[in-house]
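Hi,

Here is the structure I said I would pass on.

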Amino acid sequence: MFQPRYIKHSHLLIRHAEKLIRYQRDLLPETALMELGAQIAKVRAAMAARDARATHEESERLDALLTAHMPPHKDAA
């Protein structure tokens with residue numbers, strides 16, 4: 001019923017990553033899609049093992065990939 005905070009955070013991060021993949025599938029290169037998919041799988045494996053340190057490290061790597069491949073925000077000028 002209750003989940004640790006690192007599990008909740010990692011689950012939300014995976015949801016955002018999958019959303020980015022769905023939205024940008026036609027624009028992102030195939031290598032980026034494969035990198036994101038592999039990193040999502042690593043985060044899920046760490047979550048399944050309930051290893052807090054590994055989950056945090058893999059989530060940080062996924063977050064770095066997301067920021068590298070996410071389109072920049074437009075200024076509302």
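Let's start with a helix pair: in this predicted model, the axes of helix α1 (residues 5–24) and helix α2 (residues 30–49) come within 11 Å of each other and cross at roughly 160°. Those axes are lines fitted to C-alpha atoms over the stretch in contact, with angles running from 0 to 180 degrees between N-to-C directions. That angle makes α1 roughly antiparallel to α2, a label used for anything over 145 degrees. The crossing of the two, α1 and α2, is left-handed, meaning the near helix is turned anticlockwise from the far one by less than a right angle.

Which residues of α1 and α2 make the contact? From α1 there are Ile7, Ser10, His11, Ile14, Ala17, Glu18, Leu20 and Ile21, and from α2 there are Leu33, Leu36, Ile40, Val43, Arg44 and Met47. Contact here is heavy atoms within 4.5 Å. Sorted by class, the contact of α1 with α2 has 10 nonpolar, 2 polar and 2 charged residues (Ala, Val, Leu, Ile, Met, Phe, Trp, Tyr, Cys and Pro count as nonpolar, Asp, Glu, Lys and Arg as charged, and the others, Gly among them, as polar).

Now the whole chain. The secondary structure comes to 3 helices and 0 strands, in the order α-α-α along the sequence; helices are DSSP runs of H or I with at least four residues, strands are E runs of at least two, and both are numbered from the N terminus. The C-alpha trace spans about 40 × 30 × 20 Å along its principal axes. Of the 77 residues, 30% count as buried (under 20% relative accessible area, with exposed over 50% and partly exposed in between, using a 1.4 Å probe and protein chains only).

Two residues are worth a look. His69 sits in helix α3 (residues 52–69) and is partly exposed, at 23% relative accessible area. Beyond its neighbours within four places in sequence, His69 is in contact with Leu28, Ala32 and Glu35. Arg50 lies in the loop between α2 and α3, and its phi is near 60°, a positive value in a residue other than glycine. Most residues other than glycine have a negative phi. Arg50 counts as partly exposed, at 48% relative accessibility.

On the ground rules: residues are numbered from 1 along each chain as its sequence is written, and side-chain values use heavy atoms, leaving out hydrogens and water. Because the model is predicted, local features need pLDDT of at least 70 and side-chain atom pairs count only at pLDDT 80 or more, while totals for chains, interfaces and linings use all residues.

Cheers

Definitions and conventions
Parallel < 35°, antiparallel > 145°, perpendicular 65-115°, else oblique.
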